[in-house]
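Subject: Structure handover

Hello,

Here is the structure I promised you. Please open it alongside this note; my findings follow below.

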Amino acid sequence: MYYYNQLDYSNEQYNKPDGTKTNLAIAGCGPTAACIAINNACGKELYTVTQLRDLAQSSGARISNGTDIDKLLRAICKAHPEFSFKATQLNKELLAHLKNGGMAIINQGDAYNVFSTAGHFVVAVQLFGTDVVDVYDPQLYDGKYSIAPRPSRIELATVYGARVKIDEVSKATQDRNPCYWLISYDKPKEPAHKVSYTVGRTYTLQTDLKIRTGAGTNYAQMKRSQLTADAQQNSLNETMAVLKKGTKVTVQEIKWIGEDAWLKIPSGWIAGYYDSNLYVKL
């Protein structure tokens, strides 16, 4: 799971629209909560906190009293259509969403102190049982959930926040509309490629091919002296590494860059299918 704490970003500005200077540690719970929710929803670090700070400012989501989460999430969804979200007041919708593996941003209000004494965004990351919400708090500090009245309003303080019953979450959001933003992620389907390769299979070079240190023409060509003994025997007698046409290679890894297929062999990387040309086949 991904976690970020806005208190780590005191040197990163998050100024108000009127130019008043402040920073992410003070006012950045919005971008930080969004970063926690989005990255955990897709299972990878798609954004950094500072990148979402920049997006909040460029999209108009930075407002005088904090962050307009609706605007920030719309900007994220525009850039990444695989994401979507729904704003809701309903506890049952939050619980169902968490049960199905979704992430949600909770809108803590001013009236009832669970996560903060005033407005604050936290993230619901999972559900325990039927009614206990595991919350990641982007403004967590030592002893936060030991301060009264919080011990009586949570089930358990955790490394990244607290576990809280839905009734207490509901009280924390009672003076907010919406209470929750439910974030969904539809994993993009892998593109259908014009050719296919299989790890572990042996293929034949259809032309002389350079061996590179990585997958792509931006990686350096290897030297012949760096190759395995077998590869040296099947390479041109030149300083730089070039495998001869007809050489058989076993694929250890495949990396697609658009429609281009790069193949890792014991000595390095070669282009299997590049710029609509088939260089390696069975």
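The charged end of Arg163 lies over the Phe128 ring, 3.9 Å from the ring centre. Keep in mind that this is a predicted model. There is another contact of this kind. Arg62 is placed over the face of Tyr14, and the distance to the ring centre is 4.2 Å.

Aromatic pairs

The count of aromatic pairs is 7. One of them is formed by Phe83 and Tyr185. Their ring centres are 4.9 Å apart. The planes make an angle of 45°, so the pair falls between the 30 and 60 degree limits and counts as tilted. This pair ties together distant parts of the chain. Phe83 belongs to strand E3 (residues 83-88), and Tyr185 belongs to strand E9 (residues 180-185).

Tyr185 comes out at 22%, so it counts as partly exposed. The cut-off for buried is under 20%.

Ring pairs also join Tyr3, Tyr136 and Tyr160 into a cluster.

Strand E6 covers residues 132-136. How many of its residues are buried? The count is 5 of 5, so E6 is largely enclosed by the rest of the structure. Both faces are covered. Val132, Asp134 and Tyr136 are buried on one side. Val133 and Val135 are buried on the other.

E6 pairs with strand E5 (residues 120-128) through 5 bridges, and the two run antiparallel. Leu127 stands across from Val133 of E6. The hairpin of E5 and E6 has 3 residues between the strands. Gly129 in this hairpin has a positive phi near 65°.

E6 also pairs with strand E8 (residues 161-165). Again 5 bridges join the strands, which run antiparallel. Tyr136 has Gly161 of E8 as its bridge partner.

A loop runs between E6 and strand E7 (156-157), and Tyr141 lies in it. Tyr141 has a relative accessible area of 39%, so it is partly exposed. Tyr141 is also part of a nonpolar surface patch, together with Leu7 and Ile147. The patch has about 250 Å² of accessible area in total.

Pro149 lies in the loop between E6 and E7 as well. The peptide bond between Ala148 and Pro149 is cis, with omega about 10°.

Where does another cis peptide bond occur? It joins Asn177 to Pro178, and omega is near 5°. Pro178 is located in the loop between helix H6 (166-172) and E9.

Four strands make an open sheet here, in the order E14-E15-E16-E17, with antiparallel pairing. Strand E14 (253-257) and E17 are the edge strands, and each pairs on one side only. E14 is joined to strand E15 (residues 260-265) by 5 bridges. Ile257 faces Asp260 of E15 across this pairing.

Ser276 is another, with phi of about 70°. Asp275 is in the loop between strand E16 (268-274) and strand E17 (277-278). Ser276 lies in that loop too. Asp275 has 54% relative accessibility, so it counts as exposed. Ser276 also has 54%, so it counts as exposed. The cut-off for exposed is over 50%.

Where to look on screen

Start at Arg163 over Phe128. Go on to E6, with E5 joined to it by 5 bridges and E8 joined to it by 5 bridges. Then follow the loop to Tyr141 and the cis bond at Pro149. Finish at the loop with Asp275 and Ser276.

Best regards

Methods
Residues numbered from 1 in each chain as written. Predicted model: local features only at pLDDT ≥ 70, side-chain atom pairs only at ≥ 80, totals over all residues. Heavy atoms only, no water. Patch = residues over 30% accessible without salt bridge, like charges linked within 9 Å, V, L, I, M, F, W, Y side chains within 5 Å. Areas by Shrake-Rupley, 256 points an atom, 1.4 Å probe, with all protein chains shown as cover. Salt bridge = Lys/Arg side-chain N within 4 Å of Asp/Glu carboxyl O. Buried < 20%, exposed > 50% of the residue type's maximum accessible area, 1.4 Å probe, protein only. Pairing = 2+ DSSP bridges. Phe/Tyr/Trp six-rings, centres within 6.5 Å; stacked < 30°, edge-to-face > 60°. Lys NZ or Arg CZ within 6 Å of the ring centre and 35° of its normal.
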